[in-house]
Amino acid sequence: MSAIWKPSVTVAAIIERNQQFFMIEEETIDGVRINQPAGHLDPDESLLQAVIRETLEETAHDFLPTALIGTYLSRFVSPKTGEEVTYLRFAFTGELGKAHERALDTGILRTVWMSYDEIVATQDSHRSPLVKQCIEDYLQGKRAPLSLLFTHPSALGNLEPQK
């Protein structure tokens, strides 16, 4: 029996205010990269819980998701290590909330507000080609209601026997 291929599930927050996007700079094995607040879905959490948590960890701000911008599939091959990973990304838009006094996640250098033109001009340092794609979809007005998302309680660690 062959192994089942599984992409790495990630979430991203597309946050815009006054034609500026809230971005992060992060240190990676491939150098400093620009990304949206983003990260991996952890066990026992919903996609919404993941994007709220990741935004808090990487920006020290609360995030209230209001819509799903899209789902994205991409493959990344590290130019330094040759490691290959396929990502399944769920991008959300929403409101940036209260700032908290807390350290940013390991590897996050800073948060920065960037215009679309600045984001396009820095494409060579994007963490993923999805950074620009998600912003373009946001600017095109692509939105899906959060009601399209459903998380069964069993995915949240509630493993009670079914009756």
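Buried here means under 20% relative accessible area, exposed means over 50%, and partly exposed is in between, using a 1.4 Å probe and protein chains only. Before going on, a word on the model: it is predicted, so local features need pLDDT of at least 70 and side-chain atom pairs count only at pLDDT 80 or more, while totals for chains, interfaces and linings use all residues. Residues are numbered from 1 along each chain as its sequence is written, and side-chain values use heavy atoms, with hydrogens and water left out.

Back to Asn35, which lies in strand E4. Helices (H or I, at least four residues) and strands (E, at least two) are DSSP runs, numbered from the N terminus. Which side chains make polar contacts with the side chain of Asn35? Glu26 is one, at 3.3 Å, and Arg89 is another, at 3.0 Å. A polar contact is a pair of N or O atoms within 3.5 Å; within protein, one must be able to donate a hydrogen and the other to accept it, and residues adjacent in sequence count only if both atoms are side-chain atoms. Setting aside residues up to four places away in sequence, Asn35 also touches others, including Met23, Arg127 and Val131; contact means heavy atoms within 4.5 Å.

Now the largest pocket, with a volume of about 460 Å³. It has 26 lining residues, and the closest to its centre are Glu26, Asn35, His40, Tyr87 and Arg127. Strands E3 (20-28), E4 (31-35), E5 (38-40), E6 (61-77) and E7 (84-99) each give two or more residues to the lining. For the method: on a 1 Å grid over the protein atoms alone, a cavity is a set of points where a 1.4 Å probe fits but cannot get out, and a pocket is an open set with protein on both sides within 12 Å along at least five of seven lines; lining residues have an atom within 4 Å of a point. Grid points are joined across faces, edges and corners, and a volume is the space filled by probe spheres set on the points.

Next, Glu45, in the loop between E5 and helix H1 (47-59). Is Glu45 buried or exposed? Glu45 is buried, at 12% relative accessible area. Its side chain makes a polar contact of 2.6 Å with the side chain of Arg53, and one of its side-chain polar atoms lies 2.7 Å from the backbone nitrogen of Asp42. Beyond its neighbours within four places in sequence, Glu45 has contacts that include His40 and Leu156.

On to helix H3 (residues 130-139), where we find Gln133. Eight of the ten residues of H3 are buried, so the helix is largely enclosed by the rest of the structure. Gln133, though, is partly exposed, at 33% relative accessibility. Gln133 and Tyr72 are 61 residues apart in sequence, yet their C-alpha atoms are 9.0 Å apart in space.

Finally, some backbone angles. Most residues other than glycine have a negative phi. Gln19, however, has a positive phi near 60°, and Gln19 is exposed at 64% relative accessibility. Ala60 has a positive phi too, near 65°, but Ala60 is buried, with a relative accessible area of 5%.
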